[in-house]
Amino acid sequence: MTETPNRDTAPDTASTSATSPAEVGSRLLRYLPLITTLHFLIGLPALIASLALAYFAFVQADATQKMQTGGVMPFVTFGTSNGDEQGNRDIALTLTNNGVGPAILGPIEIRYEGKPITTPVDLLRTCCTENDARPLRFSTSPSTGIAVRPGETIEFVSFPYTPASDKVWQTFNRERWKLEVRACYCSIFNDCWVTKGMQGLPKAVNTCPADWTLYREDAGNRIGGIGAP
């Protein structure tokens with residue numbers, strides 16, 4: 001005889017009821033660290049690639065800037081000689097641009113035995129003669145606020161030999177080695193350097209110094225003795 005199940009009997013809740021939201025949330029929380037780790041591992045290559053591209057872009061931009069700066073970098077040096085290209089006896093003080101770009105000359109300072117020199121007449125008067133230096137024949141050229149092309153030399157003091165200036169010329173020829181010359185110059189990109197003496201490497205500066213005792217060319221006295229103080 002077959003038994004008929006009682007309709008009033010309640011079904012098995014463990015087998016028929018759906019999973020509760022609390023259990024679903026518990027499972028998600030259990031696997032959340034793993035899911036987060038997987039997402040990080042999947043995105044890690046893209047993050048590395050982005051950082052690498054940013055770094056390479058920075059390196060390229062820096063290299064481009066250095067190439068542009070180096071391509072126009074001036075290199076100004078001080079020099080002195082006692083003879084010109086024709087073999088004449090002529091003491092000269094010069095600034096030469098040995099770089100690859102134009103140099104904008106800034107202030108120049110000349111000292112003799114620690115004493116600042118302000119004009120060409122002051123230079124000869126201080127180093128080389130007890131008499132008035134104004135009658136002596138010498139030439140000057142601007143040394144501040146001008147552009148010097150690559151390979152160009154600015155002869156900012158020229159003192160040619162004459163029989164009348166023999167004693168002073170001989171003294172200047174000896175004492176010129178005691179001159180301390182500093183000059184500041186800038187590139188067309190406004191990068192600036194200070195050079196000191198004949199052998200020293202230029203030192204990069206943000207701006208040209210403003211506390212130097214300036215040497216001035218005194219354009220009205222390019223030929224010594226004319227209107228000199």
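This tour moves through the structure stop by stop, saying what to select next and what is found there.

The model is predicted, so local features are described only at pLDDT of at least 70 and side-chain atom pairs only at pLDDT 80 or more, while totals for chains, interfaces and linings use all residues. Residues are numbered from 1 along each chain as its sequence is written, and side-chain values use heavy atoms, with hydrogens and water left out.

**Helix H3**

Begin by selecting residues 120–127, which make up helix H3; helices here are DSSP runs of H or I with at least four residues, strands are E runs of at least two, and both are numbered from the N terminus. Six of the eight residues of H3 are buried, where buried means under 20% relative accessible area, exposed means over 50%, and partly exposed lies in between, using a 1.4 Å probe and protein chains only. The buried residues are Pro120, Val121, Asp122, Leu123, Leu124 and Cys127.

**The disulfides**

The link of Cys127 and Cys128 is left-handed, with -80° about the S-S bond. Cys127 counts as buried because its relative accessibility is 10%, and Cys128 also has 10% and counts as buried.

Next select Cys184 and Cys208, which are joined by a disulfide with 2.0 Å from S to S. This pair links distant parts of the chain, 24 residues apart, with Cys184 in strand E8 (residues 179–186) and Cys208 in the segment after strand E10 (203–205). The torsion about their S-S bond is about -85°, so this disulfide is left-handed. Are its two ends buried or exposed, wholly or partly? Cys184 is buried at 1% relative accessibility, whereas Cys208 is partly exposed at 23%.

Now select Cys186 and Cys192, whose sulfur atoms lie 2.1 Å apart in a disulfide. The link of Cys186 and Cys192 is right-handed, with 95° about the S-S bond, and both cysteines are buried. The structure holds three disulfides, and when bonded cysteines are counted along the chain, their pattern is 1-2, 3-6, 4-5.

**Aromatic rings**

A search of the whole structure finds five aromatic pairs, in which rings of Phe, Tyr and Trp (its six-membered ring) have centres within 6.5 Å, and planes under 30 degrees apart count as stacked, over 60 as edge-to-face and the rest as tilted. Select Phe156 and Tyr215, whose ring centres are 6.0 Å apart and whose planes stand at 65°, so the pair is edge-to-face. Because Phe156 lies in strand E7 (residues 153–160) and Tyr215 in the segment after E10, the pair ties together parts that are 59 residues apart in sequence. Phe156 is buried, with a relative accessible area of 0%, and Tyr215 counts as buried at 2%. Another pair to select is Tyr185 and Trp193, which is stacked, with 5.7 Å from centre to centre and 25° between the planes.

**The nonpolar core**

Which residues touch the most other members of the largest nonpolar core? Among its 32 residues, they are Phe156, Phe159 and Phe172; such a core is a set of buried Ala, Val, Leu, Ile, Met, Phe, Trp, Tyr and Cys residues joined through side-chain atoms within 4.5 Å. Strand E3 (103–112) is one of the elements that supply at least two residues of this core, and E3 gives the most, with five residues. In soluble globular proteins, nonpolar side chains tend to be buried together.

**Charged side chains**

For the last stop, note that a search of the whole structure finds five salt bridges, each being a side-chain nitrogen of Lys or Arg within 4 Å of a carboxyl oxygen of Asp or Glu. Select Glu175, which forms a salt bridge with Arg174, the closest N and O atoms being 3.3 Å apart, and which also meets Lys178 in a salt bridge of 3.1 Å, N to O. Glu175 counts as buried at 7% relative accessibility, whereas Lys178 is partly exposed at 41%. Finally, select Glu109, Arg111 and Arg182, which are linked in a network of salt bridges.

Note on methods. Disulfide = S-S within 2.5 Å.
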